[in-house]
Amino acid sequence: MQRLAGRVCLVTGTASGIGRAIAVRFAREGATVVCADRRSTPDGGGESTVDLVRREGGRAHEVLVDLADAAATAGLVDEVVAEHGRLDVLVNNAAISVGRPLLDTTVEQWDAVFAVNVTAVFLLTRSAVAHMLTREADEHGVRGRIVNVSSQHGMIGARGDAAYGTSKSAVVYLSRQVATDYGAAGIVCNGVAPGKILTGAGGREDDPVWQRHWRDRTPAPRLGVPDDVAHAALFLASDEARYVNGTNLMVDGGWTAS
Ligand SMILES: NC(=O)c1ccc[n+]([C@@H]2O[C@H](COP(=O)([O-])OP(=O)(O)OC[C@H]3O[C@@H](n4cnc5c(N)ncnc54)[C@H](O)[C@@H]3O)[C@@H](O)[C@H]2O)c1
């Protein structure tokens, strides 16, 4: 049985990494996936996520959008509803980082991180909730589901990454806020908090110092892969998450447990 059959899901940040894995997994579960990113091509080149989904026989639709553009972001949910007639699931996944400690962070860098990691999440969530509240509730009383990809660094410090860690704390909080205010009306909003997930993006992933830090902090015998997070997002996006609202599911191999 496909767990998202007939559902329309908007996923941000789908060109690469975790968002790409979520889009592919959701499409395999029967969803029509609207893939929103500022680019099509994944890190390192190759087939776009939409082409990959379609090659597998799934349904995907690409929207090129810069989520730092508040006006474009604010209209995205309406565009999805106009095109597909509904929005069942929103996954706020796209994020950026500048990788700087507090004293080296400029206001411009802080604002750039918050524009994508927080303001875009706020704008998309606000318009998704407004749309979902117009729908009939299902047999579990649910009108729509939102999954916010946060981070272990929404819960614990992000070494040398002040704006990013602070932005992820805001995302963790926003899931609670939406569940608190709109849970009674059938909105289900949860977070998924990845630990270290290897996406093949290079940079810190190729740095032996960071590799040792992640290995030392992770009780699991391996670091994460994007599909680990996609499976958790699928659970929260599906009817299987029956009575789960406002939580932040750690998918961190035990990082924050130790
Ligand atoms: N990879 C990890 O170890 C890890 C750990 C904790 C949390 N996370 C979270 O998981 C999510 C995905 O991370 P990832 O590692 O796959 O990142 P990534 O950099 O591989 O992918 C992010 C995607 O977002 C898109 N994006 C960035 N800015 C955008 C903008 N302004 N407009 C439109 N699209 C934009 C990028 O093009 C990219 O496709 C993020 O929210 C991140 O904070 C990742």
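A pocket is defined on a 1 Å grid over the protein atoms alone as an open set of points with protein on both sides within 12 Å along at least five of seven lines. The model is predicted, with local features requiring pLDDT of at least 70 and side-chain atom pairs pLDDT 80 or more, whereas totals for chains, interfaces and linings use all residues. Residues are numbered from 1 along each chain as its sequence is written, and side-chain values use heavy atoms, without hydrogens and water.

View 1. The largest pocket is the space taken by the ligand.

**View 2. Residues around the ligand.** The shell holds 29 residues (a heavy atom within 4 Å of the ligand), of which I18, D37, N93, Y164 and K168 come nearest. By class, 13 are nonpolar, 9 polar, with Gly counted here, and 7 charged (Asp, Glu, Lys and Arg).

**View 3. Backbone atoms at ligand oxygens.** A polar backbone atom of N93 lies 2.6 Å from a ligand oxygen. For I18, a backbone N or O atom is 2.8 Å from an oxygen atom of the ligand, and a polar backbone atom of I197 is likewise 2.8 Å from a ligand oxygen.

Technical notes: A polar contact is a pair of N or O atoms within 3.5 Å; within protein, one must be able to donate a hydrogen and the other to accept it, and residues adjacent in sequence count only if both atoms are side-chain atoms. On a 1 Å grid over the protein atoms alone, a cavity is a set of points where a 1.4 Å probe fits but cannot get out, and a pocket is an open set with protein on both sides within 12 Å along at least five of seven lines; lining residues have an atom within 4 Å of a point. A molecule sits in a cavity or pocket if more than half of its atoms lie within 2 Å of its grid points.
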